Amino acid sequence: MKKSTGFFFAFCFAAGLLYGEISFSGGVINQRDEVLFAADTSVPSMPSYRTLFKKDLATGKVEQLTFFPEQMELLSGGTVLQIRNRFGAARYDAVSGQFTVLDAFPSLNSGFEPYPGVLEKSSASPDGRWIAAVQPVSPARGRILLTDVNGRTSQELSASAGRGRLPVSWAPDSSVLIYEDSGSLYYARPETVFSGEALEARYRIIGTGSVRAVSWYGPSRFLYACGNGVYRVHVPELFGYSVYRPLISVGELAGKLPAPFNPEEDRICASPDGASVLYVAGNRCAYFFPLYGDDYAGGNGSVPCLLLPGNTAEVFPFWTERGSPAVFARTVDGGVSVLKGWILSGAAGANSFLPVNIPADALQVLLSPDGSYAAFVGASGVSVYSVSSWTEVAEYASGAVSAVWIDGSSLYVGGRGTVSRWNFKTGTSEIVTVSSVSGYSWDEQGTVPVAFVNAGAEGEAGPVAGAARFRCTGNRKWELAAGTRAGAPATANARYRLYLDRFDGVYENMIYVRSAGGKGGTEPIVPVRESPDAEEFRRGGAAAGKHGERAAVALVFDAMDECEGLPEILSALHDYGMQATFFLNGEFLRRHPRAAEDIQKAGHQTASMFFTSWDLSDPDFRIDADFVQRGLARNEDDFHSITGGELSLYWHAPYYVVSPEILRGGGMAGYTYVPADVFVPDWVTADQSASLPGLYKSADEIIDSILEEVRPGDVIPVRVGKPAEGTREDYLYNRIRVLLNALSDQGYTVVPVNRL
């Protein structure tokens, strides 16, 4: 830990920290037995950040002083901003100017050890009274809890929900939420859930599907896609539909889709008046549909369709203030995320989607409440575009992490150093709170926390030129204080000494407080017990070595023939900062040469899966060592002609078939054979479930079984693309972020095969 005469400072934001790691910076104590300390956090899809805390050693109370905006929501009609990160959550009331820490979320002070991976999602009701969140119970699964913020009590809505996504959807008036449970949709009224007057779940079922099939277009109206139909539903009618569900179906038919809705991959987005819908089929096609009801006699004729790029990882549909649809897609080009956008040209009945120009570094797009502006969030800041002309009208040039609209002229911008309120029409901004610090200490009197913020220079050491100096005025509020001088940092007073040491557990290290008088004794700066739910699935750091050293596993992706899921995989690996090995089959290279180029450009290890997808154990073929050697050579040549690069000298046969001749042929060609160490039945289809009893599992069940079986040094195979025959309800590649998160959470780091 480096020192300066006036402050403690972070030697860098990200140095030495892997994604999913949390470590402490040294503490600074004053004469009132109060300690300032900070936690350095590195998580996927976010800049590394440093959170400042204060602890009163006399009372044991820990207070979070800065709030990094991993998630932000606007509540109570735009008057309340909720900021959440893995250490806790707070709400800022713009009317009173006060901050309130939410007890509804676990916090460092309550003894909860934060999960090192991606923050579990939560969704507050628009009025701010209720919060729905997923509480983990296994590496891939969780339960949906509904929390009353005022009463500080929680009720379980569903015992089975996938982690990494929040399967709930709130009515705009907060009266009802729709949630997903085991492939079906249910509704719940929060008041009745907590009063004990809620109907049994079987009386609250809407139908099969996921929340992707629901889109609100009014305070109490939504569209629901099921099968080929889109149904119009009015909330007051839900009770009647549910009670008489065996006799009648929910809602009235609004229109028909061209193909059955796939709850796992498709989504709908209703127009503001509910008269039309954007239908996104997988990540490949977006359709504009006017809803004419029954089309049996006539049909709607041709409808505009947007064919999305094959490297699309995520799609964001919405409607502008003129009732015109827009589609934005996050693609992966050479392993780098790129946002692209299209609008339906002219009036709503026009025939084609046209591309729009957007900032080159944009990663998020947010529509203003009145639909007249779009905010693009990127590494360089926030750009506001008028949707009538799709031209930039204002720019907030400061490193941005997240943003949320307040009204048609203002946004909250969550930055790397501060959270600010910005009025883009007047060009004014005001700081709401500090989000991350680069240095900290007490003032010269030893009573007021002083923080240095260097938001524009991630990774810089301490308060370099351009860093701003803030003082805490109480209740987590900060003000610029260029004239405030920081006192000399102290790690001891007459009663306590502080020191930094190694720690076995979630944290990479720990600040210890040693009593200098009385009976003595040493305690960690924060409680280090875990929640009961965490203990259910975390194996006590079995994957980690002494003092937090991480064990390595290789995640290998088998690209046999098709490329479905590849954009999602490349995007997730990029966000997690992980490198993997891709085994490429000759059939994949011939069908998808651009995809092979993208894998190589992303920096992943490329290996061979032979030149053909034949099962080499098939008795109809005679396989000898010479055939294997020549087949590997042909795959090398095909890869080189496409990418200009070379395959590494690792391989496995299609379907991981192995025999003495196969091994001998690979050895003659200079290759090392790589077997799969963990059984991953992501290739088993629903059609095969009868002939292969017990092998068909959902993607989440597969992830849970992987985490039970995996050991340090193992090779974990994941299939790219859908099987040639048969289908599955879901695919492991669509849940790859959950798998990466689970491996990181249990102490593993993912590496290419050659680094095992």
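Let's start where two helices touch: in α4, Glu-568, Ile-569, Ser-571, Ala-572, Leu-573, Asp-575 and Tyr-576 meet Ile-736, Arg-737, Leu-740 and Asn-741 of α10. Sorted by class, that contact has six nonpolar, two polar and three charged residues. Keep in mind that this is a predicted model.

**How the two helices sit**
- Two packed helices are described by the angle between their axes and the distance between the axes.
- Here, the axes of α4 (residues 566-576) and α10 (residues 736-745) come within 9 Å, and they cross at roughly 30 degrees.
- Angles under 35 degrees count as roughly parallel, so α4 is roughly parallel to α10.
- As for handedness, α4 passes α10 in a right-handed crossing.

**The annotated stretch**
- An unreviewed UniProt entry carries the annotation "domain: NodB homology" for residues 551-751.
- In the model, that span is 37% helix and 15% strand, and its end C-alpha atoms lie 10 Å apart.

**Two residues with a positive phi**
- Trp-390 isn't a glycine, yet its phi is positive, at about 50 degrees.
- You'll find Trp-390 in the loop between β32 (381-386) and β33 (391-396).
- Is Trp-390 buried or exposed? Its relative accessibility is 8%, so Trp-390 counts as buried.
- Phe-610, also a residue other than glycine, has a positive phi near 75 degrees.
- Look for Phe-610 in the loop between β47 (605-608) and α7 (625-643).
- Phe-610 counts as buried because its relative accessibility is 0%.

Notes. Residues are numbered from 1 along each chain as its sequence is written. This is a predicted model: local features need pLDDT of at least 70, side-chain atom pairs count only at pLDDT 80 or more; totals for chains, interfaces and linings use all residues. Side-chain values use heavy atoms; hydrogens and water are left out. Axes are lines fitted to C-alpha atoms, for helices over the stretch in contact, and angles run from 0 to 180 degrees between N-to-C directions. Helices (H or I, at least four residues) and strands (E, at least two) are DSSP runs, numbered from the N terminus. Angles under 35 degrees count as roughly parallel, over 145 as roughly antiparallel, 65 to 115 as roughly perpendicular and the rest as oblique. A crossing is left-handed if the near helix is turned anticlockwise from the far one by less than a right angle, and right-handed if clockwise. Contact means heavy atoms within 4.5 Å. Ala, Val, Leu, Ile, Met, Phe, Trp, Tyr, Cys and Pro count as nonpolar, Asp, Glu, Lys and Arg as charged, and the others, Gly among them, as polar. UniProt positions are given in the numbering used here, feature names are shortened, and annotations may be inferred rather than shown by experiment. Buried means under 20% relative accessible area, exposed over 50%, partly exposed in between (1.4 Å probe, protein chains only).
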